[in-house]
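Biologist: I have a model open on my screen and would like to learn how to read it. Could you take me through it feature by feature?

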Amino acid sequence: MARAYLGLGSSLGDRDGHLGFALARLSRVGTVLARAPVVETDPVDCPGGGMFLNTCVCLETALEPSELLSAAMQIERQRGRSRTTRNEPRVLDIDILLYDDLVLCQQALQIPHPRMHERGFVLEPLAEIAPNLVHPSFNVTVRRLLAGLTSAAGEQEA
């Protein structure tokens, strides 16, 4: 069994309902071991979108990474997600952030998620459930990644 950390987000329609749907469906492909509180965030690189609700979950699963990606995309489609434009507002978004300590770089799937370390809306909820989890490419904890992001944002505001 592997431990995967997933980021979930929604910016359209019944955002809470979409996240609840995703959690229920994810529990069919593994065991949800932890779920972060939901945070409302501004859209990032998502023109024309509303506010996002975001959370992270830790999922214990027997699925291989590519199978987990397929399952996540199927859950998104079941809730009405269509992928027509990159970074468009979305009903539901499920990203594989980390999968054990795997580093994988394929066209369809990159683990760790290639931008997770730049995104507070990912690191904040992830730090709630796994602050000491180590990013396998940077060898730094989630807590330290978040602290670095927070201090960099503070420097930009000054």
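Modeller: Gladly, and let us start with burial: a residue is buried under 20% relative accessible area, exposed over 50%, and partly exposed in between, with a 1.4 Å probe and protein chains only. This is a predicted model, where local features need pLDDT of at least 70, side-chain atom pairs count only at pLDDT 80 or more, and totals for chains, interfaces and linings use all residues. Residues are numbered from 1 along each chain as its sequence is written, and side-chain values use heavy atoms, with hydrogens and water left out.

Biologist: Is glutamine 74 buried, exposed or partly exposed?

Modeller: Glutamine 74 counts as partly exposed, because its relative accessibility is 40%. Glutamine 74 sits in helix H2.

Biologist: You said helix H2. How are such elements assigned, and how many helices and strands are there?

Modeller: Helices (H or I, at least four residues) and strands (E, at least two) are DSSP runs, numbered from the N terminus. The protein has 4 helices and 9 strands. Read from the N terminus, their order is β-α-β-β-β-α-β-β-β-α-β-β-α.

Biologist: What share of the residues counts as buried?

Modeller: Of 158 residues, 42% count as buried. For the surface as a whole, accessible areas come from the Shrake-Rupley method with a 1.4 Å probe, and for residues only the protein chains shown count as cover. The protein exposes about 8,300 Å², of which carbon and sulfur atoms supply 48%.

Biologist: Now to the inside. How should I read a nonpolar core?

Modeller: In soluble globular proteins, nonpolar side chains tend to be buried together. A nonpolar core is a set of buried Ala, Val, Leu, Ile, Met, Phe, Trp, Tyr and Cys residues joined through side-chain atoms within 4.5 Å. Here the largest one has 24 residues, and Leu6, Leu8 and Ile94 touch the most other members. Strand E1 (2–10), H1, strand E4 (52–61), helix H2 (65–78) and strand E5 (93–99) each supply at least two of its residues. The largest share, 5 residues, comes from H1. Another core of 15 residues lies apart from it, including Tyr5, Leu126, Ala127 and Leu133.

Biologist: Which residues does leucine 8 contact?

Modeller: Contact means heavy atoms within 4.5 Å. Leaving aside neighbours within four places in sequence, the partners of leucine 8 include Leu19, Ala22, Leu23, Leu53, Val57 and Ile94. Across the protein, residues 24 or more positions apart account for 63% of the contacts with a separation of 6 or more.

Biologist: And where is valine 142 found?

Modeller: Valine 142 is in helix H4 (residues 142–157), and it counts as buried because its relative accessibility is 0%. Beyond neighbours within four places in sequence, valine 142 is in contact with Leu123, Leu126, Ala127, Ala130, Pro131 and Leu133.

Biologist: Is histidine 18 buried or exposed?

Modeller: Histidine 18 is buried, with a relative accessible area of 9%, and its place is in helix H1. Not counting residues up to four places away in sequence, histidine 18 touches Ser10, Leu12, Gly13, Arg79, Val91 and Leu92.

Biologist: What about charged pairs?

Modeller: Side chains of opposite charge can pair when their charged atoms come close. A salt bridge is a side-chain nitrogen of Lys or Arg within 4 Å of a carboxyl oxygen of Asp or Glu. That rule gives 2 salt bridges here. One joins glutamate 40 to arginine 15, with the closest N and O atoms 3.0 Å apart. This pair links distant parts of the chain, as glutamate 40 is in strand E3 (residues 39–41) and arginine 15, 25 residues apart from it, is in helix H1 (residues 15–26). Glutamate 40 is partly exposed, at 48% relative accessible area.

Biologist: Which residue pairs with arginine 90?

Modeller: Aspartate 93 does, with 3.5 Å between the closest N and O atoms. Arginine 90 counts as buried at 11% relative accessibility, and aspartate 93 counts as buried at 12%. Aspartate 93 has its place in strand E5.

Biologist: Last, how many disulfides does the structure hold?

Modeller: A disulfide is a pair of cysteine sulfur atoms within 2.5 Å, and the structure holds 0 of them. Cysteine 56 counts as buried at 1% relative accessibility, and cysteine 58 is buried at 3%.
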